[in-house]
Amino acid sequence: MERALSEKPNAEKVSQSGVAGIVLDGHYLPPPVDKDGKQWVRTSALILRPPSELYELWRDVEKAPLWQEQITEVRVTGPKTSHWIMLTGDDSGKSIEWDSEVLNDEPDKGIAWSSVEGDSNNAGEVIFATAPGERGTIVTVLQEFRMSKLASAWETLTGRNPKQVIIENLRHFKALAETGEIPRIEGQPHGPRRTTGKAKKSLYGETIATPTGGQRTAG
Amino acid sequence: MKAVCWMGTSDVQTLTVEDPAILNPHDAILKITRTAICGSDLHLYDGFIPTMESGDILGHEFMGIVEDVGREVTNLQRGDRVVVPFTIACGDCIFCTKKIWSACDNTNPNAHLMEAAYGYSGSGLFGYSHMMGGYAGGQAQYVRVPFANVGPLKIESDLPDEKVLFLSDRVHGRRKRSDSRR
């Protein structure tokens, strides 16, 4: 019980009190790093839809910008390859581009991929497993990155580090698959934010645009 | 529109802000006819709830007339009189199918903040801190109601507002699973 209460379900222990705790509360710590310098992230979600439907939504990579944060465009370049364009997570407005290749493709079961060339060195796998008791599908995502620790720490402070991006993206994927939209508060009215309110917007991750889910109605 | 904004501990002001807009296909916009101050608004007023920020619009007990609906809203139309429950629920996740609306998996855009505090995120709430979703509340002239197929309870009798308003702190209108899935 003690362990369950001190742990986020898909992340590390809740940060301790003190200055570091205040800065990091509401953020995820940078991902763990292997001996060879590889950062890795693993997360999962229970989604109340059949594996086949989830596989199709995930495999349709040109639709990824609808539910993945910061991804602005994905172009299919071959049966197994695609070209990805992504805003960097640090709120600077710069983009990075890379090519990605599907390494293993098992319909309704899972997909594995890796970047082949470009600005991002990443690889990942998603597994769709039927959950017991008619509870839909357990979706597990494992992703690996090679990026400098400094860049990862910087993104932790200013926006989303790779780990949080993966966790948030799976949350968006779940919401889109189950409800057909992604919950959002961007664009709603509010009074003047004052200085601390503006500063904390980044801390809350509210500077990162919520993906539209593809069905946004003009307001 | 005019809205009641939390501007800091013991500092609540009625200010002019932008009108709400439909942001998602399951959204509805209400013109508020009655709204109440809850005992739990005092926790916000006294500054005990973390992640309240200046400018947040308060109010989670409200009712009104439907002014506009998103294109996936099927059971409400312009002119309907509704009471809206405090908890925002999607109607499609495992908790909603068991009617555990306040544990909804899909309505809190800031779920990571609630995870940090509680270990697991519950549903989004109206006007009750960024941790609870950061949704603008209903102590205002208009409010945006997300997932409007699920929460709002239609009042088709001639009961006066004062007799039904307080259902907003408790009751969920929806009784069966949404058919609005992809």
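This briefing describes how two protein chains meet and how parts of them are built. The structure is a predicted model. In it, 49 residues of chain A are in contact with 54 residues of chain B. The area buried between chain A and chain B is about 4,300 Å², and four salt bridges are counted between these chains.

**The interface between chain A and chain B**

- Carbon and sulfur atoms give 51% of the area buried between chain A and chain B, which is about 4,300 Å².
- On the side of chain A, the residues that lose the most area to chain B are A:Glu181, A:Pro189 and A:Tyr204. Together they account for 16% of what that side buries.
- Across the interface of chain A and chain B, 15 residue pairs are in polar contact.
- Helix H6 (162-179) and helix H7 (194-203) of chain A each supply at least two residues of the side of chain A that touches chain B.
- H6(A) gives the largest share of that side, with nine residues.
- Sorted by class, the side of chain A that touches chain B holds 16 nonpolar, 16 polar and 17 charged residues.

**Salt bridges**

- Side chains of opposite charge can pair when their charged atoms come close.
- Over all chains, the whole structure contains 16 salt bridges.
- B:Asp105 forms a salt bridge with A:Lys174, and the closest N and O atoms are 3.0 Å apart. Because B:Asp105 lies in the loop between helix H2 (94-97) and H3 of chain B, while A:Lys174 lies in helix H6 of chain A, the pair joins two chains.
- A:Lys174 has a relative accessibility of 6% and therefore counts as buried.
- A:Arg193 and B:Asp56 meet through their side chains in a salt bridge of 2.5 Å, N to O. This pair crosses between chains, from the loop between H6 and H7 of chain A to strand S4 of chain B. Both A:Arg193 and B:Asp56 are buried.
- The side chains of A:Arg194 and B:Asp11 also meet in a salt bridge, at 3.8 Å from N to O. Here the pair runs between chains from helix H7 of chain A to strand S2 of chain B.
- A:Arg194 is partly exposed, with a relative accessible area of 40%, and B:Asp11 counts as partly exposed at 24% relative accessibility.
- A salt bridge of 3.1 Å, N to O, connects the side chains of A:Arg171 and B:Glu115. A:Arg171 and B:Glu115 also belong, with A:Glu168, to a network of salt bridges.

**Helix H3 of chain B**

- Helix H3 of chain B covers residues 111-118, and six of its eight residues are buried, so it is largely enclosed by the rest of the structure.
- The buried residues of H3(B) are B:Ala111, B:His112, B:Leu113, B:Met114, B:Glu115 and B:Ala116.
- These buried residues of H3(B) pack against H6 of chain A.
- After H3(B) comes B:Gly119, which has a positive phi near 95°.

**Strands of chain B**

- Strands of a sheet pair through backbone hydrogen bonds, either parallel or antiparallel.
- In chain B, three strands form an open sheet in the order S2-S1-S4, with antiparallel pairing. Strand S2 (11-16) and strand S4 (56-57) are its edge strands, and each pairs on one side only.
- Strand S1 (residues 2-8) of chain B is joined to S4(B) by two bridges. B:Cys5 has B:Ile57, in S4(B), as its bridge partner.
- Strand S3 (residues 28-36) and strand S5 (residues 61-69) of chain B pair in the antiparallel sense over eight bridges. B:Ile29 stands opposite B:Asp68 in S5(B).
- S3(B) is also joined to strand S9 (residues 142-145) of chain B, by four bridges, and these two strands run antiparallel. B:Lys31 stands opposite B:Tyr142 in S9(B).

**A loop residue of chain A**

- A:Gln68 lies in the loop between helix H4 (64-67) and strand S2 (71-76) of chain A.
- With a relative accessibility of 14%, A:Gln68 counts as buried.
- Not counting residues up to four places away in sequence, A:Gln68 touches A:Trp84, A:Asn169 and A:Pro211.

Definitions and conventions
Residues are numbered from 1 along each chain as its sequence is written. Chains are lettered from A and ligands numbered from 1 in the order in which they are written. This is a predicted model: local features need pLDDT of at least 70, side-chain atom pairs count only at pLDDT 80 or more; totals for chains, interfaces and linings use all residues. Side-chain values use heavy atoms; hydrogens and water are left out. Contact means heavy atoms within 4.5 Å. Buried area is the accessible area (1.4 Å probe) that two parts lose on being put together, summed over both. A polar contact is a pair of N or O atoms within 3.5 Å; within protein, one must be able to donate a hydrogen and the other to accept it, and residues adjacent in sequence count only if both atoms are side-chain atoms. Ala, Val, Leu, Ile, Met, Phe, Trp, Tyr, Cys and Pro count as nonpolar, Asp, Glu, Lys and Arg as charged, and the others, Gly among them, as polar. Buried means under 20% relative accessible area, exposed over 50%, partly exposed in between (1.4 Å probe, protein chains only). Two strands pair if DSSP finds at least two bridges between them.
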